[in-house]
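Let's take a friendly walk through this structure together. Have the sequence and the 3D view at hand as you read.

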Amino acid sequence: MAGTQHAQWSSRWAFIMAAVGSAVGLGNIWKFPYEAGEGGGGAFVILYLIFVFVIGAPCLIAELSLGRRGQKSPVNTMKSIATEEGKSTMWGLLGWSGIIGAFIIISFYSLVGGWVLAYIVKAAMGFGGFDAAQSTETFLNFIADPVQPIIAHFIFMAITVSIVARGVQGGLEKAVTVLMPALFAILVMLMIYSGITGDFAAAIDFLFRPNFHALTGDKILNALGLSFFSLSLAMGSIMTYGSYLPKDVNIPRSAITIAGADSAVALMAGLAIFPIVFAYGLNPGGGGGLVFMTLPIAFGQMPMGGVIGPLFFALLAVAAVTSSISLLEPGVSYIEERTGWSRKKVTAIIGFSAFLLGTLSSFGQPGNLLGDLQFFGSMTIMDVKDYLTNNIIMPLGAMFMMIFVGWFVSRKAMMEELAIEDKSFRVWYFLVRFICPVAIFAVFANIIYDTIIQPMLG
Ligand code: TRP
């Protein structure tokens with residue numbers, strides 16, 4: 001809509017909280033600990049940190065810069081920068097892939113967010129005397145239920161919608177500036193509790209002592225994929241948040257802050273979770289069930305478990321909400337821009353559609369209505385969406401975005417956006433032009449080889 005002022009963050013602080021809120025999510029507190037657990041602890045952690053700072057942060061800088069330069073929703077940001085640079089408006093497709101990817105992710109992300117809400121309640125009622133079998137059964141019965149997870153999923157989406165509908169300053173900013181400090185406070189509290197009552201030494205050993213043997217090829221790829229997911233890259237979230245960024249905020253410095261806070265939270269989450277896991281003799285490699293099936297056993301036995309349990313799931317819920325708003329925002333900004341409809345209406349429509357798509361992920365859980373439906377061997381509906389977004393849309397999107405920034409946008413334009421000294425710019429430019437696209441392509445090629453070509457060859 002020509003003439004209307006594009007929204008803006010009211011301060012650098014508000015932007016940092018929003019971006020860290022987007023980055024810190026289920027990826028840090030749910031996925032990171034279990035992937036580290038499966039990937040050999042310290043070896044995975046070191047590699048993950050290298051990926052975050054050497055590959056992820058340069059991409060973060062690139063995506064934020066595109067957003068701020070374009071000043072529009074991802075589709076029109078890509079189109080207008082391409083036009084400005086005399087390149088094809090086909091680059092707008094990259095905006096589309098982000099918007100669609102974010103829409104698919106939020107459809108199952110908010111389902112897991114719903115599980116987390118339900119587990120706040122379950123934890124408050126107590127996991128008294130839970131053994132492994134009971135804990136597993138409780139979770140599997142819950143996700144197999146056709147109704148309960150859907151209600152929780154709906155509530156989670158309604159919370160997300162009610163924040164996004166209020167706009168950038170009135171909604172997103174208000175929510176993140178309250179929720180992110182709260183998240184940090186809860187996390188520190190849990191870490192201290194866990195450090196005092198749990199087996200802190202074992203956790204440190206596990207998280208920081210590298211076991212390079214466990215670090216097989218696919219674990220390396222997991223680390224790179226997770227670093228991208230965790231930084232919210234290539235799905236339009238960061239580009240949209242960048243479009244609200246005032247011109248005087250330094251993007252490279254902000255990106256380092258965001259990447260630092262994001263990895264700090266992942267490590268802190270590990271230090272809150274693993275001391276408990278080891279103190280109760282539980283299995284650190286519990287996979288996706290670590291949080292929902294392993295931890296409740298400990299909450300059921302520990303002193304004050306009835307307080308610590310709900311607090312832990314509240315932490316996860318806060319992290320998930322501040323991420324899901326960033327997944328809804330790209331689509332909302334595009335449709336709003338395109339139609340001129342009210343933000344409330346647009347947010348409600350997109351939120352409800354994503355909710356509907358998400359119900360399929362719930363019905364596709366083992367034992368649920370569509371639980372027998374399996375794709376490509378043994379994938380559930382949720383696995384398919386996860387695979388499509390994490391392994392295809394995200395790496396391809398990120399790779400083309402780096403190629404666009406590194407090879408199609410003029411060097412001068414990027415220098416203007418970054419506003420850093422020449423030497424740092426050259427380092428960043430080199431990473432974006434060569435290292436990032438090649439590294440991302442390697443990951444993508446490996447995924448395709450492992451999951452598609454090799455099985456075909458038998
Ligand atoms: N980064 C969030 C997490 O770690 C999830 C997320 C939010 C995301 N926005 C995104 C992931 C955009 C990919 C792309 O849980």
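How do the residues of the lining of the largest cavity divide into nonpolar, polar and charged?

## The largest cavity

The lining of the largest cavity divides into nine nonpolar residues, eight polar and no charged. Please keep in mind that this is a predicted model, and that the values here are computed from it.

Two or more lining residues come from each of helix 1, helix 5 (92-125), helix 10 (217-230) and helix 14 (305-339). The space inside this cavity is about 140 Å³, and the structure holds three cavities of 30 Å³ or more.

## The chain as a whole

Stepping back, the protein chain has 18 helices and zero strands. Its radius of gyration is 21 Å, close to the 23 Å that the globule rule gives for 458 residues, so the chain is as compact as a globular protein of that length. Along the principal axes, the C-alpha trace spans about 65 × 50 × 50 Å.

## The largest pocket

Now for the largest pocket, with a volume of about 1200 Å³. It is lined by 43 residues, and K31, Y34, E35, D383 and D386 are the closest to its centre. By class, the lining of this pocket has 25 nonpolar, eleven polar and seven charged residues.

Several helices give two or more residues to the lining of the largest pocket, including helix 2 (26-38), helix 6 (132-144), helix 13 (289-301), helix 16 (381-408) and helix 18 (422-457). Helix 5 and helix 10 are also among these elements, and each gives two or more residues to the lining of the largest cavity as well.

## Where helix 1 meets helix 8

Two packed helices are described by the angle between their axes and the distance between the axes. For helix 1 (residues 12-23) and helix 8 (residues 168-197), the axes come within 9 Å and cross at roughly 70°. These helices are therefore roughly perpendicular to each other.

On the helix 1 side, the contact is made by W13, A14, M17, A18, V20 and G21. Helix 8 contributes E173, V176, T177, M180 and P181. The residues of this contact divide into eight nonpolar, two polar and one charged.

Conventions:
Residues are numbered from 1 along each chain as its sequence is written. This is a predicted model: local features need pLDDT of at least 70, side-chain atom pairs count only at pLDDT 80 or more; totals for chains, interfaces and linings use all residues. Side-chain values use heavy atoms; hydrogens and water are left out. Axes are lines fitted to C-alpha atoms, for helices over the stretch in contact, and angles run from 0 to 180 degrees between N-to-C directions. Helices (H or I, at least four residues) and strands (E, at least two) are DSSP runs, numbered from the N terminus. Angles under 35 degrees count as roughly parallel, over 145 as roughly antiparallel, 65 to 115 as roughly perpendicular and the rest as oblique. Contact means heavy atoms within 4.5 Å. Ala, Val, Leu, Ile, Met, Phe, Trp, Tyr, Cys and Pro count as nonpolar, Asp, Glu, Lys and Arg as charged, and the others, Gly among them, as polar. On a 1 Å grid over the protein atoms alone, a cavity is a set of points where a 1.4 Å probe fits but cannot get out, and a pocket is an open set with protein on both sides within 12 Å along at least five of seven lines; lining residues have an atom within 4 Å of a point. Grid points are joined across faces, edges and corners, and a volume is the space filled by probe spheres set on the points. The radius of gyration is taken over C-alpha atoms; the globule rule is 2.2 Å times the number of residues to the power 0.38.
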